[in-house]
Amino acid sequence: MEREKKKVKRTPVWVGVLQGTVRSAGAKIGAILLAIIILACIFAPLIAPYGVNEMQMSERFHGPSLQHIFGTDTVGRDLFTRILYGGRYSLALGFCGAIFSTVVAIFLGCIAGYYGGFVESFIMRILDIISSLPAILLCILISSALGPGFVNTIIALAVSQVPSNVRMMRSQVLIERSQEYLEAAETINCSKARIIFKHMLPNAISPMIICLTMGIGDNIAMAASLSYIGLGVQPPTPEWGALLSDARMHLMSYPYLIIIPGIFIALTVFATNLLGDGLRDALDPKLRK
């Protein structure tokens with residue numbers, strides 16, 4: 001008699017994570033809200049009723065109305081249009097800074113956690129020096145040294161997040177370092193690079209996904225702070241922080257110029273935090289049932 005081989009279907013990890021995220025009400029709200037904001041900014045040319053730098057001096061400082069949903073700014077530019085286009089820059093700063101810092105942190109954390117000894121001490125002591133300054137102060141110092149601008153702001157944001165992300169990655173690698181499957185991989189003479197990035201990284205990367213999601217919101221808020229003090233993206237680029245900076249002289253007279261961009265910053269950060277919390281719960285084996 002021939003023995004029938006039963007194939008056991010294993011559910012991929014990402015499917016379980018996706019199912020856990022969908023079951024979380026907060027994650028769904030965050031994902032939907034973030035998707036709406038991203039899509040609105042991507043399709044800004046189709047949605048915006050005016051040009052991003054179209055000035056109408058006769059309509060400057062007009063409050064919210066049917067003609068201008070969010071009102072106009074100091075030179076008569078439509079604030080709704082500038083919010084949509086400015087979201088492109090703010091979201092790009094948030095995503096690019098978070099991705100860059102996460103990639104660097106994964107590489108350094110894997111190297112430090114796997115090799116240990118002098119390599120680990122050298123990497124961690126340098127990061128201790130960097131992290132001795134508060135993140136916002138470090139961003140200000142880097143932006144002051146490099147100068148304002150889009151790319152320089154991304155560098156400042158990424159560097160400020162690297163130390164904490166490296167520590168997170170290193171702690172996960174240390175947990176995985178003692179597992180038997182790594183000993184088996186070393187026994188069959190797998191290369192160090194293959195052991196680190198093929199076997200160990202997929203099992204240790206889950207917390208970094210959460211750090212990446214949370215870092216997007218943190219970067220958007222931090223970028224707005226840098227632009228507000230004149231060290232981030234510069235006018236006339238309609239980044240949300242730059243809009244706040246332009247309107248600060250008119251806070252008492254025309255508060256909507258600051259309130260509306262501030263609401264969009266808060267909503268975006270709120271959405272990323274909700275999504276990050278949902279991913280954390282979905283990736284936690286103790287909570288995923």
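Biologist: Which residues touch the most other members of the largest nonpolar core?

Modeller: This is a predicted model, in which local features need pLDDT of at least 70, side-chain atom pairs count only at pLDDT 80 or more, and totals for chains, interfaces and linings use all residues. Residues are numbered from 1 along each chain as its sequence is written, and side-chain values use heavy atoms, with hydrogens and water left out. A nonpolar core is a set of buried Ala, Val, Leu, Ile, Met, Phe, Trp, Tyr and Cys residues joined through side-chain atoms within 4.5 Å, where buried means under 20% relative accessible area, exposed over 50% and partly exposed in between, with a 1.4 Å probe and protein chains only. The largest such core has 27 residues, and those touching the most other members are Leu79, Ile83, Trp240 and Ile265.

Biologist: Which helix gives the most to this core?

Modeller: Helices here are DSSP runs (H or I, at least four residues), numbered from the N terminus. At least two core residues each come from α2 (25-42), α4 (79-115), α10 (206-228), α11 (240-247) and α12 (256-283). With 7 residues, the helix that gives the most is α4.

Biologist: How many residues does the other core, apart from this one, contain?

Modeller: Its members include Ile111, Tyr114, Val162 and Leu201. The number of residues in this separate core is 22.

Biologist: Are α8 and α9 roughly parallel or roughly antiparallel?

Modeller: Helix α8 (residues 180-187) and helix α9 (residues 192-204) have axes 11 Å apart and pack at an angle of about 170°. The axes are lines fitted to C-alpha atoms over the stretch in contact, and angles run from 0 to 180 degrees between N-to-C directions. Angles under 35 degrees count as roughly parallel, over 145 as roughly antiparallel, 65 to 115 as roughly perpendicular and the rest as oblique. The angle therefore makes α8, relative to α9, roughly antiparallel.

Biologist: Which residues of α9 make the contact with α8?

Modeller: Contact means heavy atoms within 4.5 Å. From α8, the contact is made by Tyr181, Leu182, Ala185 and Glu186. The α9 side consists of Ile195, His199, Met200 and Asn203.

Biologist: Which backbone atom of histidine 62 lies 2.8 Å from the side chain of threonine 72?

Modeller: Threonine 72 is found in the loop between α3 (44-47) and α4, and is buried, with a relative accessible area of 0%. A polar atom of the threonine 72 side chain lies 2.5 Å from the backbone oxygen of glutamate 59. On histidine 62, the atom lying 2.8 Å from a polar atom of that side chain is the backbone nitrogen.

Biologist: What is the phi of phenylalanine 61?

Modeller: Phenylalanine 61 lies in the loop between α3 and α4, and counts as buried at 14% relative accessibility. Most residues other than glycine have a negative phi. Although phenylalanine 61 is not a glycine, its phi is positive, at about 60°.

Biologist: Where is threonine 153 placed?

Modeller: Threonine 153 counts as buried at 1% relative accessibility. A polar atom of its side chain lies 2.5 Å from the backbone oxygen of glycine 149. The place of threonine 153 is in residues 150-177, helix α7.

Biologist: What separates the C-alpha atoms of glycine 109 and valine 173?

Modeller: Glycine 109 lies in helix α4 and is buried, with a relative accessible area of 0%. Leaving out residues up to four places away in sequence, glycine 109 touches Val166, Met169, Arg170 and Val173. Glycine 109 and valine 173 are 64 residues apart along the chain, and their C-alpha atoms are separated by 7.4 Å.

Terms used: A polar contact is a pair of N or O atoms within 3.5 Å; within protein, one must be able to donate a hydrogen and the other to accept it, and residues adjacent in sequence count only if both atoms are side-chain atoms.
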